[in-house]
Amino acid sequence: MNAILEPQPRRRRIYLDANATTPVLPEVLAAMQPFWMERFGNPSSAHAGGQTTRAAVEHARASVASLLGCSAREVVFTSGGTEGDNAALIGVLQPYLDRREPAHLITTAIEHHAVLYAAEAFERRGGQVTYLQPNGDGVVSPNDLERSIKPETKLLSVMFANNETGAIQPLDELARLAKARGILVHTDAVQTAAKLPIDLAGELRNVDLLTISGHKMYAPQGTGALFVRKGVELAPLLYGGPQERQRRAGTENVPGIVGLGCAAEAARQWFAGDGPAALRKLRDRLETELLGSIQGSTVNAAGIPRMDNTCNLNIEGIDAERLLIALDLQGVSASFGAACQSGATETSHVLLAMGLTATEARGCLRLSLSRLTTADEIDAALEIIPAAVARLRSLGANAKAAPKDGLALQS
Ligand code: PLP
């Protein structure tokens, strides 16, 4: 067996990187299990095996729709956040390029690369793009949006909450402004779904397209969904079969979709209990105690509405890449204000857009808690992180980071 597939020795790790990915919940795994070997029919097949998996896919669709406050017919299953974002942007904008009509997209400088690089591709093909700049807390302003609207603006794409800082955008206000001018609205809710309630029939009724990703909400990697409001026309990203009401060709990933549906149901139960408050309490304790024990540390986006699970700590005089390696060796998984691109680390475009210097951005550590994070793990992290910072400081801040592959990907 390939060494990577062999069972790894179990070592207790403190996982504080839930914005990168989350583990699959036990109930999600159990729900998926029959769909690998027993119920494996193609949902497009007319026989009983196909009908069984079709019913499972439709059940999952209804569960995702309940989580988002929309109709099941408005849920299109995808392979994840990147596909959902690309399908929304390219699906809305490509037809204008094809017809050689002027088209303008408004997005923000702090989007995930799934949106930013799709916007850049649109620009290279002749489209116009405005990137709204955030303030120092990482929030874009409705006034800036108003000023950027042109007669040919066709789409606004603004993320709901940022993956690095957790900063929540004033989405309902931005969407209302855009809708009043006849502009379609897309939001990347990859970091928000199953962490904050989403109501596409209420507060977010002006949002036309919304992306979610399974692996940020305790479902498997490579699963996701795009909400497409009734009446919104999208050019397809993929050509092939008529699946997903002609909106996404390709045989459905049935086990993954079942897992996503189950994760959506688990999220609704988590909201109904004291899940969000308990998570916030843990994050707040981690944050307050780290601020107290690490001199020269501050929290990015501290003063604004922020995701309950995220703490982006700016630590003076520290190279967060070195800190991350030190923490990794001690069993703590976290992330830092840079992304590995083609083997080289690139400073976070989000933190730079918020006005941090490159040195400050490289001193930022992202800690993101999951629903499974325990108080004991926070206690342990509160011992390990300040000690690691103190040790690095005693060694001198400018020592070079040890090379280590695949440290942190933009997530
Ligand atoms: N959008 C945001 C805000 C993300 O954080 C991520 C993943 O990190 C993505 C999009 C891409 O999602 P996926 O990994 O499912 O392709």
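How do the axes of helix α11 and helix α14 cross, and within what distance do they come?

I am working on a predicted model, where local features need pLDDT of at least 70, side-chain atom pairs count only at pLDDT 80 or more, and totals for chains, interfaces and linings use all residues. Residues are numbered from 1 along each chain as its sequence is written, and side-chain values use heavy atoms, without hydrogens and water.

**Entry: α11 and α14.** I looked up the axes of α11 (residues 320-329) and α14 (residues 375-395): they come within 10 Å and cross at roughly 130 degrees. α11 is therefore oblique to α14 (angles run from 0 to 180 degrees between N-to-C directions; under 35 is roughly parallel, over 145 roughly antiparallel, 65 to 115 roughly perpendicular, the rest oblique). Helices here are DSSP runs of H or I, at least four residues. I then listed the contact (heavy atoms within 4.5 Å): Arg 322, Leu 323, Ala 326 and Leu 327 of α11 meet Ile 384, Ile 385, Ala 388, Val 389, Leu 392 and Leu 395 of α14. By class I find nine nonpolar, no polar and one charged.

**Entry: α4 and α5.** For α4 (residues 81-98) and α5 (residues 113-124) I read axes within 9 Å, crossing at roughly 20 degrees. The two helices are therefore roughly parallel.

**Entry: ligand.** I find 14 residues around the ligand, the closest being Gly 81, Thr 82, Asp 188, Ser 213 and Lys 216 (a heavy atom within 4 Å). A polar side-chain atom of Thr 82 lies 2.6 Å from a ligand oxygen atom. For Gln 191 I read 2.8 Å from a polar side-chain atom to an oxygen atom of the ligand.

Key. Polar contact = N/O pair within 3.5 Å; in protein donor to acceptor, adjacent residues only side chain to side chain. Nonpolar A, V, L, I, M, F, W, Y, C, P; charged D, E, K, R; others polar.
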